Amino acid sequence: MLIAFKLKLALVCAAGFAGPLAVTPLLTDTGSRDATWRDQQAMVELHSGTVSYRAAGDFTRASRQAEAPLVSVRFERPLAIMKHQVSASDYQHCVDDGACRALDRSVAVAANRPAVQISWHDADAYAGWLSRKTGDRYRLPTDEEWAYAAGSKFSDDGLPVDDNDPSKRWIARYERESEPGPADSGTHPFGSFGANENGLLDIGGNVWEWTSTCFVRSVQNDAGEIISNSPNCGVRVAAPAAARPACRRAISASGWCASKSPG
């Protein structure tokens with residue numbers, strides 16, 4: 001069976017991140033009416049369609065770890081999403097207006113590099129500020145929307161494991177989570193990792209990206225149907241910097257490492 005690393009287990013502090021957390025490309029529900037911001041925030045439109053991916057969360061069945069279900073999500077309406085992550089200089093505008101937390105001194109403020117060392121609350125605050133600034137509604141994408149936008153850069157983050165030998169699952173998880181990240185952990189100019197078929201830049205590279213999806217613990221019955229959910233919005237799902245599907249994790253909304261989930 002597939003024991004999915006879509007469990008989004010919170011990172012152990014000692015493991016570190018594959019890249020710094022950043023403000024993800026934001027979605028907007030309307031075309032910007034402010035010409036200045038419309039020019040600065042290049043957008044791409046994703047047409048309606050379907051994506052299959054492992055549901056976010058921690059799944060158990062009969063008190064044992066279960067695979068995350070592979071679900072199909074249909075987007076009936078087009079999605080408008082920023083072409084690249086929010087730049088450090090754009091985020092600095094929010095700081096200057098007193099609506100966002102100041103960037104760390106170590107973060108270079110540049111128009112061609114993403115704003116990093118950002119918590120989920122920082123990213124959400126920026127989306128709110130940009131919405132007020134432009135008169136349009138900007139927001140973080142959901143995990144499903146991020147997977148859809150990632151296109152071919154997103155792959156099934158499950159792993160085949162012998163269910164009769166649970167130790168193999170732990171060994172496989174350890175091997176995936178302990179795999180060293182790129183030697184160069186710094187950020188790169190937008191476009192350094194190329195564009196996917198949807199026109200989005202640097203998917204699966206450069207930085208980790210926040211989504212709006214809360215971490216959820218779900219209990220399934222013997223038929224695999226979910227019978228209870230326990231959401232925890234103090235932990236949010238982040239998309240990976242490295243193009244390793246197992247790197248998609250749940251991270252505390254403050255941006256700090258969280259203790260590892262049991263099971």
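A disulfide is a covalent bond between the sulfur atoms of two cysteines. The close-ups below all come from a predicted model.

**Close-up 1. Cys214 and Cys233 are joined by a disulfide.** Their sulfur atoms sit 1.9 Å apart. The torsion about this S-S bond is about 95 degrees, so the link is right-handed. The pair ties together distant parts of the chain: Cys214 belongs to strand β10 (residues 208-220) and Cys233 to strand β11 (residues 226-239), 19 residues apart. Cys214 is buried, at 16% relative accessible area, while Cys233, at 39%, counts as partly exposed.

**Close-up 2. Here Cys94 and Cys100 form a disulfide.** The gap between the sulfur atoms is 1.9 Å, and with 75 degrees about the S-S bond this link is right-handed. Cys94 and Cys100 are both buried. A search of the whole structure turns up two disulfides, and counting bonded cysteines along the chain gives the pattern 1-2, 3-4.

**Close-up 3. Tyr91, Tyr126 and Trp129 make up one aromatic cluster.** Three aromatic pairs turn up in the whole structure. For Tyr126 and Trp129, the ring centres are 5.6 Å apart and the planes meet at 40 degrees, so the pair is tilted. Both residues lie in helix α3 (residues 120-134), three residues apart, or about one turn of the helix.

**Close-up 4. Helix α3 from end to end, with a charge over a ring.** Buried residues in α3 include Trp120, Asp122 and Ala123. Over the ring of Trp120 sits the charged end of Arg236, 3.8 Å from the ring centre. After α3 comes Gly135, with a positive phi near 85 degrees.

Methods: Residues are numbered from 1 along each chain as its sequence is written. This is a predicted model: local features need pLDDT of at least 70, side-chain atom pairs count only at pLDDT 80 or more; totals for chains, interfaces and linings use all residues. Side-chain values use heavy atoms; hydrogens and water are left out. Rings of Phe, Tyr and Trp (its six-membered ring) pair if their centres lie within 6.5 Å; planes under 30 degrees apart count as stacked, over 60 as edge-to-face and the rest as tilted. Helices (H or I, at least four residues) and strands (E, at least two) are DSSP runs, numbered from the N terminus. A charge sits over a ring if NZ of Lys or CZ of Arg is within 6 Å of the ring centre and within 35 degrees of the ring normal. The expected span of a helix is 1.5 Å times one less than its number of residues. Buried means under 20% relative accessible area, exposed over 50%, partly exposed in between (1.4 Å probe, protein chains only). A disulfide is a pair of cysteine sulfur atoms within 2.5 Å.
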